Amino acid sequence: MESHPYTKPRGVGPVTTELTPGAEPTAAQPPIEPGGRDGAAIRIQNLARHYKMGSATIRAVDGISLEVHSGDFVAVLGASGSGKSSLLNLLAGLDHPTSGSVFVLGRELGAMTPIELSRHRNGTIGMVFQSFNLLPRMTVMENVELPLRIAEVPRAERPQRVREALERVGLAARLTHRPGELSGGEQQRVAIARALVNRPRILLADEPTGNLDSATGEEILRLISSINKPVASAAPGVPGVNVAAAHATTATTVVMVTHERALAERYANRIVTMADGRIARQERTANPAPTAEAIAEKGVPS
Amino acid sequence: MKFRDLSELAGRNLREAVLRNTLTTLGIAVGVASLVAMLSLGVGLQELVGRRLERSGLFDSVLVRPRTGFGNQGQPRMLGSGGGPGPGGAPIAATPRPLDEAARLQLAHLPNVVEVYPEFRFTGDLRLGPGGHLAQIASLPASASGNDAFESMKGHFFSSPTAREIILQLDLAQELAALQQLPPADLIGKEVVVRYAGRQPLEPETSDPAARDTAARDTSNGRRPNQELASPEDAALGFSIVSSQVPLHVVGIVDAEAVTSGGGGFGRAGAYVPVAVAQQLAVVQGNDMSEIVRDSTTGSRAEHYANLTVRVNHPSGIPALEAAVKDMGYTAFSLQDVTRSLTRVFAILDLLLGIFGSLALAVASLGIINTLVMAILERRREIGVLKALGASNGDIRQLFFTEAGVMGLAGGVAGVALGWGIGRVIQLATTIYLRRQAIPAENIWSVPWWLVAGAIGFSVVVSLVAGMYPATRAAQLDPVEALRYE
Ligand SMILES: Nc1ncnc2c1ncn2[C@@H]1O[C@H](COP(=O)(O)OP(=O)(O)OP(=O)(O)O)[C@@H](O)[C@H]1O
Ligand SMILES: [Mg+2]
C-alpha cells in the first residue's frame with residue numbers, strides 16, 4: 001500500500017513534540033485539567049445509556065464524565081461489549097442517553113430538536129465506521145457528495161468540495177469508481193473524505209482499522225492524525241499540499257474507538273479505557289496535546 | 001434536502017431494483033388503465049346518447065301550441081299526461097292568441113332560434129296504378145335529414161324543402177309494392193298520387209285575403225278540386241272541404257321506429273312529405289274545426305297553425321325560449337326534464353364504473369406499500385448511513401414519498417396509454433360487431449383531457465397515500481440499530 005503524500009510518515013518509537021512552525025516551543029503541553037476549560041469540544045456529564053431487555057437492564061454506558069478538548073485525539077479502548085460504540089453513538093446524537101448530558105461545542109444535545117440533531121450530525125460531526133458504510137451503488141464522488149446534498153450545499157460548489165475532500169485522503173483519481181472496485185483501505189479513505197466534506201469540528205471513528213490489515217490500518221491512522229493536526233503533520237515542502245491544506249488548517253477533534261493499544265499510543269494524545277460502561281482508566285500518551293496557542297492560532301470553535 | 005436531490009436519489013433507488021419497481025409500476029399502470037377504460041366507456045356512452053338525442057331533435061326543440069280551452073288539445077301527443085302546460089282551468093272567455101304567420105315570424109326572431117316549422121299530419125290515400133292504400137302522412141322539416149332514421153334509408157332525403165317528393169315507410173312501401181308485384185325498392189322514382197281532404201277557399205268576396213292566397217297557390221300547384229262540398233254553412237267556415245289529390249315522387253324508403261316530424265310527435269307515419277309541400281296542400285287539420293268554432297265567436301278568420309316546433313342551436317337555450325314563448329301567450333313544451341334525469345343516470349353510471357376501475361388501482365396501491373416496505377428492509381443500512389450523515393427523519397420520509405410518487409406518475413402515464421389502447425381495442429371490436437349486425441358503427445369511446453390529467457393525478461395521489469406508511473416507517477428507523485455491525 002503506497003503512502004499518500006498528505007501524511008508525514010511518523011516513526012515508531014519515542015514521540016517527539018512537533019509544533020506548528022510559528023508556535024513558541026516553550027508553550028508546549030499544558031496540563032489537561034479535569035474541570036471545564038475554554039476549548040472543550042465535548043463535555044460528558046454522568047452519561048448513562050441503559051437497554052431494557054425484558055426484566056434485565058444492560059448498562060451499556062453507565063455513568064461517564066469526560067471532557068475532550070478542542071484538537072484532542074482521544075482513543076477509546078476497552079473490551080468488546082464495554083460500551084465504546086454506545087458512547088460514540090451518544091456523542092453523535094444518533095442515540096439518546098438514559099440520563100446525563102453531552103455538550104458538544106457548548107450546546108447540549110439533549111436540548112436539541114430532532115432537526116438540530118440532524119444538523120449536528122451533518123455539519124459538526126463526521127462519522128467513520130469499521131465497515132466503511134459506503135453506499136455500494138454510488139460512485140466514490142456520489143458517496144462523498146451525500147453530506148453536501150443533505151446540507152443543501154449549492155450544486156455549483158459541490159464538485160470542488162468533493163474533490164478537495166478526496167484530495168485530502170489521496171483518492172482524487174478514483175472519482176468515478178464504485179466502492180466495490182476499491183481496496184478496504186481505499187474505501188475507508190473515501191469514508192473519511194465523506195466524513196470531512198462538510199468540514200466538521202469533530203471526527204468520531206468507531207474502529208476505523210478493524211477491517212484492515214495492520215499496514216493499511218497504520219496508513220488510515222496517519223491520515224486521521226493529519227486531519228487532527230493538519231499543519232503540524234503536513235510535511236513542509238510536500239508538493240500538492242495547497243488548497244487541501246489550506247482548508248485543513250482548523251484542527252479537528254478526534255474521538256476514535258480502537259482495539260489496538262499500540263496504534264492508540266502512537267497517534268492519540270489521550271487514551272480512555274472503558275470497562276462495563278464506565279471509564280476504567282485515563283492516560284496521556286507522549287504525543288503532544290493541543291496547546292492553547294495552537295488552538296488559538298487554528299481558531300477555537302465558538 | 002432539496003427536491004432535486006431527493007428525486008435524484010429516489011430515481012437511483014428505483015433503478016437499483018429495476019424489476020421489482022417496474023412490476024409495481026406496471027401494477028399501478030394496469031389499475032389506472034382499468035380506471036381510464038371504464039370511465040372512457042362511461043363518457044363515450046354518455047356522449048353517444050347525447051349525440052343521438054341531440055340529433056333526434058327532441059332536446060333542442062320547443063313545441064309551441066296556442067292556449068286553448070278545448071279539451072286537452074294543448075297537450076303534446078307524446079308524454080301528454082305530465083309535462084304539457086295544460087289549460088288547467090284557464091277561462092275559455094280569455095281568447096287565446098292564435099298561432100298565425102305573424103307568430104311564426106316572431107318566434108323565428110327569438111335569440112338562438114334556428115328553425116320554426118309546423119307539423120302537418122293527415123290521412124291520405126296513396127295510389128300507385130289501380131291500387132290504393134290509406135296511410136298517415138306527416139310533414140318533415142329539412143333538418144330532419146340529420147335524423148338517425150334517415151342514415152340507413154334507401155334512396156335519398158327530399159332534394160329540396162319544396163320538392164314534391166314523398167318518402168315511404170318500409171311497411172307501407174311493401175304493401176304498395178305487393179299490389180304491383182314489385183320489390184319495394186323499385187318504388188323509388190315512381191309517382192304516387194295522394195288523395196286527401198283539402199280546404200277550398202270560398203269566393204274572394206267572402207273569404208279573407210290569406211285564404212285567397214292559399215287558393216291561388218293551390219291552383220298553381222295543380223291541385224284539382226273535384227268535389228265541392230258547397231253548402232250554405234260553408235260561408236260560415238270560410239272554406240269548403242274538398243277531396244283533393246296531388247302527384248308526388250317517391251324518393252326514398254325508410255325503416256324507422258320513430259321519426260321526429262315536429263309537433264312534439266315522435267311516432268311514425270306511413271309516409272313523409274316536406275313541410276312546405278304539406279302546407280301548400282292546404283290539408284284540413286284537426287285544429288281547423290275548433291278554430292272555426294272560435295272564429296265564429298271572434299269574427300276573425302285566417303290560416304292558423306295547429307302547432308309550431310321551434311328549434312334552437314343548443315339545448316341550453318331551451319329554458320329562455322320556453323319563457324319567451326309563454327310570454328307570447330302560447331304553451332311551450334320541451335323534453336328537458338327527461339334529459340335532466342338522464343344526466344343523473346349517467347353520473348351514477350360513471351361513478352359505478354369509476355369505483356370498479358379504482359378497485360384495480362387500490363390493489364396496485366397495495367403493491368406500492370409492499371414494494372416500499374421491502375425496500376426499507378433491504379435499505380436499512382443505507383437509511384442508517386443517511387441518518388448518520390445528517391439526514392433528518394423528514395428527509396428519509398420525503399425520499400420514500402418521492403419514490404412512491406415517481407412510481408405513481410410513471411404508472412399513471414403508462415396506465416393512461418394502456419387504457420387508451422384497451423379502449424381502442426374495445427372500440428374496434430364493437431365496430432366489427434356492429435358491422436356484422438349491419439348497424440352503423442358508433443363511437444362508444446372517449447378519452448377527454450380531464451380524464452387523462454385526472455387519472456395521472458389520481459394515480460400520484462393514491463401512490464403517495466400508499467407511500468405514507470412505508471415512508472413513516474423508514475423515517476422512524478433507529479439508525480443505531482440499522483448501523484450495528486453484523
Ligand atoms: N440496542 C441494544 N439493545 C440491547 N443491548 C444493546 C444494544 N446496543 C448495545 N447493547 C449492549 O450494550 C453493550 C455495549 O455495546 P457496544 O456495542 O457499545 O460495545 P462495544 O464496546 O462497542 O463492543 P465492540 O468492541 O464489540 O464493538 C453490549 O453488552 C451490547 O450487547
Ligand atoms: Mg463497537
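Colleague: Which residues are linked in a network of salt bridges?

Modeller: Happy to start there, and keep in mind that this is a predicted model. As a general idea, side chains of opposite charge can pair when their charged atoms come close. Here, Glu145(A), Arg149(A), Arg155(A) and Arg158(A) join Arg4(B), Asp5(B) and Glu8(B) in one network of salt bridges.

Colleague: How far apart are the closest N and O atoms of Arg4(B) and Glu8(B)?

Modeller: They are 3.8 Å apart, and the pair forms a salt bridge. Both residues sit in helix H1 of chain B, with a spacing of four residues, about one turn of the helix. Arg4(B) is exposed, at 52% relative accessible area, while Glu8(B) is partly exposed at 31%.

Colleague: How many salt bridges does the structure hold over all chains?

Modeller: The count is 32. One of them pairs Glu142(A) with Arg12(B), whose closest N and O atoms are 2.4 Å apart. Glu142(A) belongs to helix H3 of chain A (residues 140-150) and Arg12(B) to helix H1 of chain B (residues 3-16), so this pair joins two chains. Arg12(B) has a relative accessible area of 15%, so it is buried, the cut-off being under 20%.

Colleague: Where do Glu219(A) and Arg189(A) lie?

Modeller: Those two side chains meet in a salt bridge at 2.7 Å, N to O. Glu219(A) is in helix H6 (residues 214-228) and Arg189(A) in helix H5 (residues 184-196), both of chain A, so the pair ties together parts 30 residues apart in sequence. Glu219(A) is buried, with 5% relative accessible area, and Arg189(A) is buried too, at 3%.

Colleague: Now the ligand. Which residues come nearest to ligand 1?

Modeller: Of the 16 residues around ligand 1, the nearest are Ser80(A), Lys84(A), Ser85(A), Ser86(A) and Arg484(B). Chains A and B both contribute residues, so the site is shared between chains. By type, the shell has five nonpolar, seven polar and four charged residues. H1(A) gives the most, with three residues.

Colleague: What polar atoms lie by the oxygen atoms of ligand 1?

Modeller: Among them is a polar side-chain atom of Ser86(A), 2.6 Å from a ligand oxygen. Lys84(A) places a polar side-chain atom 2.8 Å from an oxygen of ligand 1, and a polar backbone atom of Gly81(A) is 2.8 Å from a ligand oxygen. On its own, ligand 1 has 630 Å² of accessible area, of which the protein covers 73%.

Methods. Residues numbered from 1 in each chain as written. Chains lettered and ligands numbered in written order. Predicted model: local features only at pLDDT ≥ 70, side-chain atom pairs only at ≥ 80, totals over all residues. Heavy atoms only, no water. Salt bridge = Lys/Arg side-chain N within 4 Å of Asp/Glu carboxyl O. Buried < 20%, exposed > 50% of the residue type's maximum accessible area, 1.4 Å probe, protein only. Near = heavy atom within 4 Å. Polar contact = N/O pair within 3.5 Å; in protein donor to acceptor, adjacent residues only side chain to side chain. Areas by Shrake-Rupley, 256 points an atom, 1.4 Å probe, with all protein chains shown as cover. Nonpolar A, V, L, I, M, F, W, Y, C, P; charged D, E, K, R; others polar.
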